[in-house]
Amino acid sequence: MVRKLKIDGIDKIIIKRLVKDARTPILSIAREVGISGAAIHQRLRKLDESDLIDGYKMILNPKALGYTTTAFVGVFLDSSSLYSSAIKRLKEIPEIVESHYTTGNYAIFIKILCKNNEDLMHLLNRDIQTIKGVSRTETFISLDQQIDRQIKI
């Protein structure tokens with residue numbers, strides 16, 4: 001469980017700089033806030049241990065790799081008891097980059113990256129709709145992504 005963490009002004013500057021560009025040199029941030037690089041490292045370790053930082057990663061541009069179709073798929077299950085086995089199978093499909101157990105019409109809502117619409121159709125017909133317990137799917141193709149951001153601190 002994530003507990004409420006007290007973040008001061010220096011922590012906020014460190015976080016904002018690194019969220020904007022994780023390659024920002026620590027010494028550059030240290031000079032900006034007027035403390036040592038070691039103090040910045042110490043604060044980062046504290047933030048890491050508090051579970052505020054969920055990880056560090058390089059973000060790839062899917063379009064540069066040929067993935068031009070982004071789709072969101074609502075998955076209907078015959079029974080909610082089939083959720084675990086359906087998720088196990090969905091995890092085997094590398095084009096699925098997110099899944100959410102949801103309220104509302106769908107049991108599962110997934111995000112898929114595909115090379116094109118034809119690949120998406122094959123993925124839906126061959127891989128997803130054949131999973132035991134999947135009664136049907138509803139697909140939404142993203143035409144453009146306008147917002148992609150972190151939560152503001």
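Buried means under 20% relative accessible area, exposed means over 50%, and partly exposed lies in between (1.4 Å probe, protein chains only). By that cut-off Thr70 is buried, because its relative accessible area is 16%. This is a predicted model, where local features need pLDDT of at least 70 and side-chain atom pairs count only at pLDDT 80 or more, while totals for chains, interfaces and linings use all residues. Residues are numbered from 1 along each chain as its sequence is written, and side-chain values use heavy atoms, with hydrogens and water left out.

**Strand β1 and Thr70**

- Thr70 sits in strand β1; helices (H or I, at least four residues) and strands (E, at least two) are DSSP runs, numbered from the N terminus.
- Contact means heavy atoms within 4.5 Å.
- Leaving aside residues up to four places away in sequence, Thr70 touches Lys111, Ile112, Leu113, Phe140, Ile141 and Ser142.

**Helices α1 and α2**

- Helix α1 covers residues 9-20 and helix α2 covers residues 26-33.
- Their axes come within 11 Å and cross at roughly 145°. Axes are lines fitted to C-alpha atoms, for helices over the stretch in contact, and angles run from 0 to 180 degrees between N-to-C directions.
- The crossing of α1 and α2 is right-handed. A crossing is left-handed if the near helix is turned anticlockwise from the far one by less than a right angle, and right-handed if clockwise.
- On the α1 side, Ile10, Ile13, Ile14, Arg17 and Leu18 make the contact; on the α2 side, Ile29, Glu32 and Val33 do.
- By class, this contact of α1 with α2 has six nonpolar, no polar and two charged residues. Ala, Val, Leu, Ile, Met, Phe, Trp, Tyr, Cys and Pro count as nonpolar, Asp, Glu, Lys and Arg as charged, and the others, Gly among them, as polar.

**Aromatic rings**

- The structure holds five aromatic pairs. Rings of Phe, Tyr and Trp (its six-membered ring) pair if their centres lie within 6.5 Å; planes under 30 degrees apart count as stacked, over 60 as edge-to-face and the rest as tilted.
- Phe109 and Phe140 are a tilted pair, because their ring centres are 6.5 Å apart and their planes stand at 50°.
- Phe109 belongs to strand β3 (residues 108-114) and Phe140 to strand β4 (residues 134-142), so the pair ties together parts that are 31 residues apart in sequence.
- Phe109 is partly exposed at 25% relative accessible area, and Phe140 is partly exposed at 36%.
- Phe72, Phe76, Tyr106, Phe109 and Phe140 form one aromatic cluster.

**Charges over rings**

- A charge sits over a ring if NZ of Lys or CZ of Arg is within 6 Å of the ring centre and within 35 degrees of the ring normal.
- The charged end of Arg136 sits over the ring of Phe76, 3.8 Å from its centre.
- Lys115 lies over the face of Tyr67, at 4.4 Å from the ring centre.

**Loop residues**

- Asp51 is in the loop between α3 (37-49) and β1 (69-77). Asp51 has a positive phi of about 75° although it is not a glycine. Its relative accessibility of 46% makes Asp51 partly exposed.
- Lys57 is placed in the loop between α3 and β1. Lys57 is exposed, with a relative accessible area of 72%.
- Lys57 and Glu92 are 35 residues apart along the chain, and 21 Å separates their C-alpha atoms.
- Gly34 lies in the loop between α2 and α3, and counts as exposed at 63% relative accessibility.
- Gly34 and Lys46 are twelve residues apart along the chain, with their C-alpha atoms separated by 19 Å.
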